[in-house]
Amino acid sequence: RIRRARANERDETAKRRDRVAEERDRVAEKHDRELKRLGQKLDRGDPRAVRALEALADMRDRSAAQRLRAATDRSRAASDRKVAAEDRKHLLAELERSHLDDLTGAYRRAMGQIALVNEIERARRSKHALSLAYIDCDSLKAVNDRAGHGAGDTLLRAVVAVLRSN
């Protein structure tokens, strides 16, 4: 939950950064148009016009700085999105691992029951037959006692592998 919330927060931050970057670009474009218009009207021989041109150049520099900040915001937004996607990917992997038995890779009981109910419902909806097999590894304790738990683990992994392949 916490990771999902963080990923969502990063996405929202990225969206805000994109909006700020777009606004900065709009302001910079507006300044550039205004500066160009004003610069074309000035008489370059007039000392006041020279000062005005210098002020216009300063404003152009500020517009360029705004564009640079906008580009930085976009870069950060992209980075936030990438981190959020990675968080979601890791969260999904952890969630999947939490539902699988470490030894066999088969579903744990609760997730297995959910999967079974889903398969039953799918068979009902599609009107297809569903086969269900209940498997009990007879004498597993005897295998563990006689050959050790490693042998019992190998047996369980083999049973799950056979079930998956068929």
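Figure 1. Arg10 is partly exposed, with a relative accessible area of 27%. This is a predicted model. The side chain of Arg10 meets that of Asp87 in a salt bridge, 2.3 Å from N to O. Arg10 belongs to helix α1 and Asp87 to helix α2, so the pair ties together parts that are 77 residues apart in sequence. Is Asp87 buried or exposed? Asp87 counts as buried, because its relative accessibility is 15% and the cut-off for buried is under 20%. Side chains of opposite charge can pair when their charged atoms come close.

Figure 2. Asp18 has a relative accessibility of 18%, so it counts as buried. Arg81, at 34%, counts as partly exposed.

**Figure 3. Helices α1 and α2 pack against each other.** Two packed helices are described by the angle between their axes and the distance between the axes. Helix α1 covers residues 2-41, and helix α2 covers residues 47-98. How do α1 and α2 run relative to each other, roughly parallel or roughly antiparallel? The two helices are roughly antiparallel, because an angle over 145 degrees counts as such. Their crossing is left-handed. Which kinds of residues make up the contact of α1 with α2? There are 15 nonpolar, seven polar and 23 charged residues.

**Figure 4. Arg122 and Glu119 pair within helix α3.** Their side chains meet in a salt bridge, with 2.4 Å from N to O. Both residues lie in α3. They are three residues apart, which is about one turn of the helix. Arg122 is partly exposed, with a relative accessible area of 46%. Glu119 is also partly exposed, at 32%. A search of the whole structure finds 13 salt bridges. This pair is one of them.

**Figure 5. Helix α3 spans 25 Å from end to end.** How many residues does α3 have? The helix has 18 residues. The 25 Å runs from its first C-alpha to its last. That span is close to the 26 Å expected at 1.5 Å a residue. Helix α3 covers residues 109-126. Lys127 follows α3, and its phi is positive.

**Figure 6. Lys127 and Ser139 have positive phi values in the loop between α3 and α4.** Most residues other than glycine have a negative phi. Phi of Lys127 is near 60°, a positive value in a residue other than glycine. Where does Lys127 lie? Lys127 lies in the loop between α3 and α4, and α4 covers residues 140-147. Is Lys127 buried or exposed? Lys127 is exposed, with a relative accessible area of 74%. Ser139 is found in the loop between α3 and α4. Its phi is also positive, about 65°, although Ser139 is not a glycine.

Notes: Residues are numbered from 1 along each chain as its sequence is written. This is a predicted model: local features need pLDDT of at least 70, side-chain atom pairs count only at pLDDT 80 or more; totals for chains, interfaces and linings use all residues. Side-chain values use heavy atoms; hydrogens and water are left out. Helices (H or I, at least four residues) and strands (E, at least two) are DSSP runs, numbered from the N terminus. Buried means under 20% relative accessible area, exposed over 50%, partly exposed in between (1.4 Å probe, protein chains only). Axes are lines fitted to C-alpha atoms, for helices over the stretch in contact, and angles run from 0 to 180 degrees between N-to-C directions. Angles under 35 degrees count as roughly parallel, over 145 as roughly antiparallel, 65 to 115 as roughly perpendicular and the rest as oblique. A crossing is left-handed if the near helix is turned anticlockwise from the far one by less than a right angle, and right-handed if clockwise. Ala, Val, Leu, Ile, Met, Phe, Trp, Tyr, Cys and Pro count as nonpolar, Asp, Glu, Lys and Arg as charged, and the others, Gly among them, as polar. A salt bridge is a side-chain nitrogen of Lys or Arg within 4 Å of a carboxyl oxygen of Asp or Glu. The expected span of a helix is 1.5 Å times one less than its number of residues.
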